[in-house]
Amino acid sequence: MTRVLLTGNAAAAWGARLAGVDYVPAFPITPQTEILETLGAWIEGGELRARMVMLESEHSMVTAAGAAAATGVRVFTATSSQGLLYALEMLYTVAGWRAPFVLVNVSRGLAAPITLGSDHGDVLAARDCGFLQLHAASAQEVLDFVLLGARLGEDARVRLPVLVNLDGFTLSFTREPVALPEAVEAARFVGPFDPGTVRFRASRPISQAVAVLGGSPYSYFRYEMQRAAEAALLAWPEVAGAFANAFGRRYEAVATHRCEDAEVVLCLLGALATQAEGVVDQLRAEGRRVGLVRPRLLRPFPAEALRAALAGKRAVAVLDQDLSLGLGGVLHGELAAALYGAAGAPPVLASFVGGLGGRDVAGTELAAMLEAAARAADAGVPPAPRLLYTETELRELRKLQAIALGERHELARGERSELARGEGA
Amino acid sequence: MSDTAYRRMQDLPSTHLLGTGTSTCAGCGGLHAFRELYDVLGDKTVVVNAAGCMTLLATYPFTPFRGSWLYTSMASAPAGAQGVRDALDLLIEKGRLPREEDLRVVVLTGDGAAYGMGLAATSAAIDRGLDFLYLCYDNEGYGNTGQQSSAATPHAARTATNGGPRGYPGYKKDLFAIWAAHRPSYVATVIAAEPVDLARKVEQAARLTGPRLLLALAPCPPGWGFDPQDAVEIGRLAVKSGVWPLKEWRDGRVVHTKTPRPRAPVEEYLRRQQRFAHLFEPARDEATLAEIQRRVDAYWEEVEA
Amino acid sequence: MYRIRFHGRGGHGIKTGARILGSAFFAEGFEVQDAPRYGAERRGAPLDASVRASRGPIRERGALRAPDLVVVADETLIPVRSAGVAAGLAAHTWFLIRSAAPAAVWRERMARPERVLALAAAADERAELPFLGSIAAAAAARLVGAISWPALEGALAREVAGFGAGAQAESRARARAAWDALAPHAGAVGEGPELLTAGGDPGWIDLPLDLAERAAPDVRVPLTSLEVKTGLWRTQRPVIEPDRCHGCAWICSSLCPDGAIAIAGGRPVIDYDHCKGCGVCVAVCPHHAIHVEREELARAGAQP
């Protein structure tokens, strides 16, 4: 087993390669493009026996992905943000074809305004479509989740496509040490692609994805997808166990850090978790009883594991790097639904929304979230949701706004020229 | 061509309307073409943009526009243009906007949208007879994401997704012919390196209504692999070698506004760009060079027939 | 943990430089995290890249705070605010600036009495530009002291492999020169202290409602882009020689891609606040009346 420095994007490409992917329909979009370029270079160089095809849009790309999977090959593709949403119709559609494949999303904030930095608005917009959903917090998890996703999605009890998410920029372009599984071991873990009965061949004609009229039959097909997702949750310990045996890394559906005797717990998704672990350790050293809970699996939703991890806690501070406009944080709402009426459910579930569009979430802020949740528990008062923004940020924004709105008198002349002189990028 | 204000370079606008300070690359052939168009067309325009290199022209709070701008999405700029045009017409028709507040609607996209994802919206906009001007800056690849191959990539060019010894295996799509087949109001190819030709065509297009395309070859220093200072020279070579014919389509007729005679060998154009370096080093790929030359020759033979 | 940041421009190999350093640390048994930070992602535009290296697991994410070493490969970036050369600066941060001016001059300019070093640019300065990343990596490795030359050499060979044999040899030679030049300060840069991530008021506010007329992502004023001095991207500038200029003006003015050449009184005037230094005007002037000057010399000359 070799340990190498890989970006999250390169790790995703390695996952696909080690999973023995056959077909890669592609379309470029920042910050995911490197995944497809890496696979393309391997294919061109003969290191990967697969075919890559550039489609003209993500909608077409996902259609081609599902169709190829439905024909009987192992498929991998990747996208981000606007591309994921452009494909959204087809994400729902191909999931219903019951032909599994892995799609990596490199998360990026959604327009408008159009931007490039990371948040989870895009991947969470796809939470209802029928894809299983895994959230990676490190380049190692990215690679491993692609392998896990291939195996889990292709399991006969499941047969659903799998979306693996990694944070743009924080993970996609950042190199970290990754243990590269041996190709033979990876192939053994994933196994050869078995299309089952969902495939095209001359000798066995099949009409796939036909129209279904009538609420009862339609409901049957949709409910069965729900059953399949539930089966995936039941199968997870088995699949993760096999992975641990093969590669030595054990992935619980919900990761916990110093939770057992914690009173106040942080809950979030993705790469920020590693920073949050550091904050938890810092506060623990100061005698604070805090911990971290991080779902790795979001679909199927690991409700029982979350209830178990949070039972008896005084407060949970949930950080959503997403915003359901008109409501608030998505993870917060999903957690609340899982905890409602559960024995030992924490009385305080504080909602924080931050990190949108790549906004840094400082360790100070993570600590302050835990503090705010604890104080709310002390006071017995449910805390108001908070959109993370500072005085300094608003002051800087007002300067930009003054330029955009032509309110020149609001800026001191000195400030203005300083701003302008520096803005060379 | 009928009467024109642009006969020589000194007739070109001496004031540049598009603001500087944008984040396009130094030497960008796309910005160059758009800037020249904007100088002629003026600022009573609303530019509707699809995702691509030019999207970052307006990044909060900075805009280079004296006129207006709307960023839509990669696939739907022509549909955005439809909405703006219809709304302006309605407002004027209903007396809620004085006629002098009207704006010309201009769609600005790269080849990625124009030749690919945006083609459905474009085709439908032409079907509807939308009154708009479409400027496509064609840098022959998905430039903003790092020059992956698009439908506009020429045969044998090396790109980020075709980095092997043969380069891009496909052939450049003929967007000019696709537009012409729709029988719009006007289609023309232009290039910033020939500013008088470009200005005349903008002027001509501006006199017409309905769907009009100006297709600008946009030499791209980082994507094609040349020093920014060669951007105009490479544009001129594209024309001189016959690789980029300068022509117009109107009412079923194609007129070439420049016929290079004699034509420079395509090699002169190709060898200036790193994306074609593999055709010369370590050994000359005579077969591919000959094929490229043959195709160019065949085009002009038909034109001159 | 070592926290190191490189600053340069697109085309200087800064991202590769961070990867070289990251790979070298990794070869020496460190845990590593390296990443570029993109601005406009254009040639000439400022960009930086960072490396974190630690004997234990690295849990920090995002932009570096309190770097131990900042290497500025292009001194013209120092006045460029958005380049962020001084971002997260701490008392213990070392600065290494590639510059003809000696360290003493920079200590004064930056009002930092210590921890400022200068590395002279090579005689063939323009030829050196694509290798600034390799130079920065070698310099950083020497200053840190925990990286051996074989580890750095190996990392360099790996990271530059894709650029061809010529580039590899070039990178190695220039890296070696920087390595040797910094021998007197070998090991000067130490690991930074553990960063306190907890405590302190984050300064949160409740964001007020701004009406949509203010809060929509719109720019209501034309031409605000003029405030962005893209002239700061230049490493060289075009200079018109009045004696050779025939005053046709429309050629250079029409053929400047950015429209940065205006015509005043029949004569061309270059807008140096915005000229990106592409050199097209130099190439197209039929009378060869425009020549190129190195930007820092031109700027120095322009000062009263």
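In this predicted model, 37 residues of chain B are in contact with 36 residues of chain C; two residues are in contact if their C-beta atoms, placed from the backbone, lie within 7 Å. Helix H1 (29-41), helix H7 (221-225) and helix H8 (231-240) of chain B each supply at least two residues of the side that touches chain C. Helices (H or I, at least four residues) and strands (E, at least two) are DSSP runs, numbered from the N terminus. By class, this side of chain B has 21 nonpolar, 12 polar and 4 charged residues. Ala, Val, Leu, Ile, Met, Phe, Trp, Tyr, Cys and Pro count as nonpolar, Asp, Glu, Lys and Arg as charged, and the others, Gly among them, as polar.

The model is predicted, and local features need pLDDT of at least 70, side-chain atom pairs count only at pLDDT 80 or more, and totals for chains, interfaces and linings use all residues. Residues are numbered from 1 along each chain as its sequence is written, while chains are lettered from A and ligands numbered from 1 in the order in which they are written.

Chain C also touches chain A. Here 46 residues of chain C are in contact with 45 residues of chain A. On the chain C side, helix H1 (14-27) and strand S2 (31-37) are the elements that give two or more residues. S2(C) provides the largest share, 6 residues. This side of chain C divides into 22 nonpolar, 12 polar and 12 charged residues.

Chain C itself has 10 helices and 10 strands. Its C-alpha atoms fill a box of roughly 65 × 60 × 40 Å, taken along the principal axes. Of its 304 residues, 47% count as buried. A residue is buried if 20 or more other C-beta atoms lie within 10 Å of its own, exposed if 12 or fewer, and partly exposed in between; C-beta atoms are placed from the backbone. Among contacts in chain C between residues at least 6 apart in sequence, 69% join residues at least 24 apart.

Within chain C, H1(C) packs against helix H4 (residues 132-144) at an angle of about 30 degrees, with the axes 7 Å apart. Axes are lines fitted to C-alpha atoms, for helices over the stretch in contact, and angles run from 0 to 180 degrees between N-to-C directions. The crossing of H1(C) and H4(C) is right-handed. A crossing is right-handed if the near helix is turned clockwise from the far one by less than a right angle, and left-handed if anticlockwise. H1(C) contributes residues including C:Ile14, C:Ile20 and C:Leu21, and H4(C) residues including C:Leu132, C:Ala136 and C:Ala140. This contact has 9 nonpolar, 4 polar and 1 charged residues.

In chain A, the axes of helix H7 (residues 139-154) and helix H9 (residues 215-247) come within 10 Å and cross at roughly 125 degrees. H7(A) is therefore oblique to H9(A); angles under 35 degrees count as roughly parallel, over 145 as roughly antiparallel, 65 to 115 as roughly perpendicular and the rest as oblique. This crossing is right-handed.

Strand S14 (residues 348-353) of chain A has 6 of its 6 residues buried, so it is largely enclosed by the rest of the structure. A:Val348, A:Ala350 and A:Phe352 lie on one side of S14(A), and A:Leu349, A:Ser351 and A:Val353 on the other. Strand S13 (residues 315-320) of chain A runs parallel to S14(A), joined by 6 bridges; two strands pair if DSSP finds at least two bridges between them.
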